[in-house]
Amino acid sequence: MADVDRLRRLLAALGAEDPEGWAASEVEENLPQLARYRLLRALSQDIEAWDAAAVDSLRDGMKAEGAGPTDPVAETVRIARAVARETVFSVLYRLSDPNSDDLPTELRQQVPGWVLMETTPAGEPTHRVLNALYEDLDTPDSPAAAPGDRTVAKGWIRETNLRALCESLAAEVGYDFDDSDWLAIDTALPHTDDEQPRSAWYAYPLVGRTRVDLHVARSVGGSEVSVSVRGTVDSRTRIRVALLVDVMARYAIAPG
């Protein structure tokens with residue numbers, strides 16, 4: 001049995017409106033309420049991330065993939081399916097990685113996580129974990145497969161904003177970006193050309209809580225850099241990265 005005062009304190013730190021009730025339920029009924037609240041909290045954040053800007057970003061992404069004009073009903077269906085897929089992806093991602101939430105390290109070390117486990121036909125656990133299901137959501141033989149690659153966001157940004165993009169993207173995935181990382185990208189950039197195939201662009205991995213690969217190529221004769229961010233991330237991160245690229249294209253970012 002867990003200590004009720006400790007549970008109450010942790011649930012309050014997570015933002016529970018009734019930490020006493022959740023804590024009492026865990027102690028008296030022996031239910032994993034702290035883990036349940038943590039998972040529900042993360043999923044609620046993913047739901048709240050779907051604002052007007054997120055839907056616009058999703059619609060722009062479908063247009064970029066070649067979805068032509070169509071009647072309103074068909075467009076609504078396409079958007080609904082895309083949102084449903086992103087939601088399923090997010091749930092699978094959260095189930096696979098409890099530490100994908102935004103908790104401070106000190107708090108994260110005190111709260112339980114979870115696993116999704118296979119059972120026998122009789123309901124007995126086999127102790128085989130169904131891990132990283134989100135990675136197979138887009139494979140060709142998956143029932144939920146969708147066209148396209150693992151592109152999180154793509155577009156162009158001002159070249160002067162490239163380091164700011166790198167640092168912001170690294171912070172988003174929990175990677176400690178420093179001068180040596182920037183030197184590698186800055187040194188490679190002059191030898192790139194965004195008119196070349198994407199496979200010829202310079203790619204740099206950012207590996208933190210999850211991994212994304214940043215592909216960059218300079219617009220020869222211009223002051224822009226084409227960027228493509230690829231990886232397997234939850235829908236909230238996907239939306240935030242897409243907005244980040246958009247901001248870096250629209251505004252000149254001054255060093256802090």
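Arg 163 has a relative accessibility of 26%, so it counts as partly exposed; the term covers values between buried, which is under 20% relative accessible area, and exposed, which is over 50%, with a 1.4 Å probe and protein chains only. Arg 163 forms a salt bridge with Asp 179, and their closest N and O atoms are 2.6 Å apart. By salt bridge I mean a side-chain nitrogen of Lys or Arg within 4 Å of a carboxyl oxygen of Asp or Glu. The pair links distant parts of the chain, with Asp 179 in helix α8 (residues 179-188) and Arg 163 in helix α7, 16 residues apart. Asp 179 has a relative accessible area of 55%, so Asp 179 is exposed.

A word on the model. It is predicted, so local features need pLDDT of at least 70 and side-chain atom pairs count only at pLDDT 80 or more, while totals for chains, interfaces and linings use all residues. Residues are numbered from 1 along each chain as its sequence is written, and side-chain values use heavy atoms, with hydrogens and water left out.

Now the chain as a whole. There are nine helices and six strands; these are DSSP runs numbered from the N terminus, helices being H or I with at least four residues and strands E with at least two. The chain has 256 residues, and 39% of them count as buried. Its accessible surface comes to about 14500 Å², and carbon and sulfur atoms hold 53% of that. Those areas come from the Shrake-Rupley method with a 1.4 Å probe, and for residues only the protein chains shown count as cover. Among contacts with a separation of 6 or more, 58% are between residues 24 or more positions apart. Contact here means heavy atoms within 4.5 Å.

Back to salt bridges. How many does the structure hold? The count is 14. One of them joins the side chains of Arg 38 and Asp 101, at 2.7 Å from N to O. Arg 38 lies in helix α3 (residues 33-48) and Asp 101 in the loop between α5 (72-96) and α6 (105-108), so this pair ties together parts 63 residues apart in sequence. Arg 38 is buried, at 2% relative accessible area, and Asp 101 is buried as well, at 4%. Arg 108 is linked with these two in a network of salt bridges.

Another salt bridge joins the side chains of Arg 238 and Glu 86, at 3.2 Å from N to O. This pair also links distant parts of the chain: Arg 238 is in helix α9 and Glu 86 in helix α5, 152 residues apart. Are these two buried or exposed? Both Arg 238 and Glu 86 are buried.

That brings me to helix α9. The helix has 16 residues, 235-250, and at 1.5 Å a residue it should span 22 Å; its end C-alpha atoms are 23 Å apart, which agrees. The expected span is 1.5 Å times one less than the number of residues. Asp 234 caps the N-terminal end of α9, with a side-chain oxygen 2.7 Å from the backbone nitrogen of Thr 237. The buried residues of α9 include Thr 237, Arg 238, Val 241 and Val 245.

Val 245 has a relative accessible area of 4%. Leaving aside neighbours within four places in sequence, Val 245 is in contact with Ala 153, Lys 154, Trp 156, Ile 157, Leu 165 and Val 227. Val 245 and Leu 165 are 80 residues apart in sequence, yet their C-alpha atoms are 7.3 Å apart in space.

Which residues does Glu 172 touch, not counting those up to four places away in sequence? They are Arg 209, Thr 237, Arg 240 and Val 241. Glu 172 itself is found in helix α7 (residues 162-173). With a relative accessibility of 17%, Glu 172 counts as buried. Its side chain makes a polar contact with the side chain of Arg 240, at 2.8 Å. A polar contact is a pair of N or O atoms within 3.5 Å; within protein, one must be able to donate a hydrogen and the other to accept it, and residues adjacent in sequence count only if both atoms are side-chain atoms.

Last, Ser 25. Ser 25 is found in helix α2 (residues 19-29) and counts as buried at 11% relative accessibility. Apart from neighbours within four places in sequence, Ser 25 is in contact with Asn 30, Leu 31 and Gln 33.
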